[in-house]
Amino acid sequence: MAKENIILIGMPASGKSTTGRALAKALGWRFVDSDKLIEEAEGKRLKDIIAAVGNEGFLAIENRVNAGIRGNRQVIAPGGSVVFCEDAMRHFQEIGTIVYLKISYYLLKQRIGDPVARGVVLKPGETIKDVFHQRKPYFERYADVVHRVENVRVEHSVAKLIRKLNQGTDLTLKTVQRGRKG
């Protein structure tokens, strides 16, 4: 299978969905929010799934759903905890270019709101700062491309990301242009 997908990984509130929608539109590709796929598969909101099956149960569901995503010319935005799902991450490495949307802790704190209401996988007593530091090495390990998230308009961020992707070895200018409309 050709690597004609872009997978956006990063912390909750890093802009995976917002950037993903705008990037997919710019490329003429499909946008896939895997948290929505999980909610559809389970018939519940993320926070309710986590409450019902616990963190480990949720990660098993997240792993299964993300490892089952098929297709090409998609921008895929999985949840931030997907980096703990080995099958899903191996699958993503096979089908696409993984982009880490790297956010500072300061900006994350401004954006995150209530992590539990957002469906963030937290262990008892764990803070969002703990999660930030725990996940960061995983994001860096899996990333083909690192894109720093800043407080700029999404269009500017997406344009910068497309330029960065065009410079990469896995996603060439030809691949990106092939997906564009018109």
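1. What is the handedness of the crossing of α1 and α8? The crossing is right-handed, a term applied when the near helix is turned clockwise from the far one, while left-handed means turned anticlockwise by less than a right angle. The model is a predicted one, in which local features need pLDDT of at least 70 and side-chain atom pairs count only at pLDDT 80 or more, whereas totals for chains, interfaces and linings use all residues. Residues are numbered from 1 along each chain as its sequence is written, and side-chain values use heavy atoms, with hydrogens and water left out.

2. Helix pair α1 and α8. Two packed helices are described by the angle between their axes and the distance between the axes. Here the axes of α1 (residues 16-27) and α8 (residues 154-167) cross at roughly 65° and come within 10 Å. The axes are lines fitted to C-alpha atoms over the stretch in contact, and the angles run from 0 to 180 degrees between N-to-C directions. On the α1 side the contact (heavy atoms within 4.5 Å) takes in T18, T19, A22, L23, A26 and L27. On the α8 side it takes in V154, V158, L161 and I162. These residues divide into 8 nonpolar, 2 polar and no charged. In this division Ala, Val, Leu, Ile, Met, Phe, Trp, Tyr, Cys and Pro are nonpolar, Asp, Glu, Lys and Arg are charged, and the others, Gly among them, are polar.

3. Overall layout. The chain has 9 helices and 5 strands, taken as DSSP runs (H or I of at least four residues for helices, E of at least two for strands) and numbered from the N terminus. Their order from the N terminus is β-α-β-α-α-β-α-β-α-α-α-β-α-α. Of the 182 residues, 48% count as buried; the classes are buried under 20% relative accessible area, exposed over 50% and partly exposed in between (1.4 Å probe, protein chains only). The accessible surface comes to about 9,100 Å², and 49% of that belongs to carbon and sulfur atoms. These areas come from the Shrake-Rupley method with a 1.4 Å probe, and for residues only the protein chains shown count as cover. Among contacts between residues at least 6 apart in sequence, 71% join residues at least 24 apart.

4. Q74. This residue is in strand β3 (residues 74-77) and counts as buried, at 3% relative accessibility. Its side chain makes a polar contact with the side chain of R30 at 2.7 Å. A polar contact is a pair of N or O atoms within 3.5 Å; within protein, one must be able to donate a hydrogen and the other to accept it, and residues adjacent in sequence count only if both atoms are side-chain atoms. Leaving aside neighbours within four places in sequence, Q74 is in contact with E4, N5, I6, W29, R30, V32 and I69.

5. Positive phi values. Most residues other than glycine have a negative phi. A13 has a phi near 75°. A13 sits in the loop between β1 (5-9) and α1 and is buried, with a relative accessible area of 10%. R73 has a phi near 55°. R73 sits in the loop between α3 (46-67) and β3 and counts as partly exposed, at 32% relative accessibility.

6. H91. Helix α4 (residues 86-95) holds H91, which is buried at a relative accessible area of 9%. Residues up to four places away in sequence aside, H91 touches N66, A67, I69 and R70.

7. E39. This residue lies in helix α2 (residues 34-42). A polar atom of the E39 side chain lies 3.2 Å from the backbone nitrogen of L46. Not counting residues up to four places away in sequence, E39 touches K44, R45, L46 and I49. E39 and I49 are 10 residues apart in sequence, with their C-alpha atoms 8.1 Å apart.

8. K136 is in helix α7 (residues 128-142) and is partly exposed, with a relative accessible area of 29%. Beyond four places in sequence, K136 touches Y100 and K102. K136 and Y100 are 36 residues apart in sequence and 9.6 Å apart, C-alpha to C-alpha. V146 is in strand β5 (residues 145-148) and counts as partly exposed, at 39% relative accessibility. Under the sequence limit of four places, V146 touches Y100, K102 and K164. V146 and I98 are 48 residues apart in sequence and 8.7 Å apart, C-alpha to C-alpha.
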